[in-house]
Amino acid sequence: MSAPSALARPVGVPLGHRLAARAVLLPALLLARMSPHRIRAVLTLVRRGAAPAGPGQAQAARDAVCAVSLYCAGPRGCLPRSVGTALLCRLWGVWPTWCAGVRVVPPFAAHAWVEAGGRPVGEGAPDNYFGRLLVVAPADPDAP
């Protein structure tokens, strides 16, 4: 027996944010089909020159991506959702910390998310609920 469920799309997302999210949706879906090594390499390249994203900016980007894609808003859309959120933030000149890893409590499962200010954005889980395996943090401005 299964329980009925409905995906809730964020409401009140500005038109400009939704249009920008549509622009990054196809690249996010294509990147999500690549190997973890390739995703990390591409995101590491894309983040160059961006300032760290604040929690509000990252949440606005996540909301915009979920507003334009039911797949990204769904329970199996975490990888394209997180990549799309990061790409949309980059379009706005900032970069969140993109993470891929696992839940550290049963049931164990892979997951991808973004963080800002050291906390997961829009996940509704405690800070230590996920274990990081891959991370693409904002670039250090002092690094060559």
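The legends below describe close-up views of one predicted model.

Local features are given only where pLDDT is at least 70, side-chain atom pairs count only at pLDDT 80 or more, and totals for chains, interfaces and linings use all residues. Residues are numbered from 1 along each chain as its sequence is written, and side-chain values use heavy atoms, with hydrogens and water left out.

**View 1**
The largest pocket holds about 170 Å³ of space. A pocket is found on a 1 Å grid over the protein atoms alone: it is an open set of points where a 1.4 Å probe fits, with protein on both sides within 12 Å along at least five of seven lines. Its volume is the space filled by probe spheres set on the points, which are joined across faces, edges and corners. Lining residues have an atom within 4 Å of a point. Here they are R62, P75, R103, A109, A110, H111, G122, E123, Y129 and F130. By class, 5 are nonpolar, 2 polar and 3 charged. Ala, Val, Leu, Ile, Met, Phe, Trp, Tyr, Cys and Pro count as nonpolar, Asp, Glu, Lys and Arg as charged, and the others, Gly among them, as polar.

**View 2. A salt bridge between two lining residues, E123 and R62.**
A salt bridge puts a side-chain nitrogen of Lys or Arg within 4 Å of a carboxyl oxygen of Asp or Glu. By this rule the count comes to 3. In the pair E123 and R62, the closest N and O atoms are 3.6 Å apart. E123 sits in the loop between strand 5 (119–120) and strand 6 (130–136), and R62 in helix 3 (residues 55–68), so the bridge ties together parts that are 61 residues apart in sequence. Helices (H or I, at least four residues) and strands (E, at least two) are DSSP runs, numbered from the N terminus. E123 is buried, at 18% relative accessibility. R62 is buried too, at 13%. Buried means under 20% relative accessible area, exposed means over 50%, and partly exposed lies in between (1.4 Å probe, protein chains only).

**View 3. The salt bridge of R132 and E115.**
The N to O distance here is 2.4 Å. R132 belongs to strand 6 and E115 to strand 4, so this pair links parts that are 17 residues apart in sequence. R132 is partly exposed, with a relative accessible area of 42%. E115 is buried, at 7%.

**View 4. The salt bridge of R119 and D127.**
The closest N and O atoms of this pair are 3.0 Å apart. D127 is partly exposed, with a relative accessible area of 39%.

**View 5. The loop between strand 3 (97–103) and strand 4 (110–116).**
V104, P107 and A109 are found in this loop. The peptide bond from P106 to P107 is cis, with omega near -5°. Most peptide bonds are trans. A109, from the pocket lining, is partly exposed, with a relative accessible area of 26%.

**View 6. A nonpolar surface patch.**
V102, V104, V105 and L133 make a nonpolar patch of about 310 Å². Patch residues have over 30% relative accessible area and no salt bridge; like charges are joined within 9 Å, and nonpolar side chains (Val, Leu, Ile, Met, Phe, Trp, Tyr) within 5 Å. Areas come from the Shrake-Rupley method with a 1.4 Å probe; for residues, only the protein chains shown count as cover. V104 is partly exposed, with a relative accessible area of 40%.

**View 7. Helix 1 (residues 15–32) and the loop to helix 2 (36–46).**
A20 lies in helix 1 and is buried, at 13% relative accessibility. R33 is in the loop between helix 1 and helix 2. R33 is exposed, at 74%. R33 and V104 are 71 residues apart in sequence and 24 Å apart in space, C-alpha to C-alpha.
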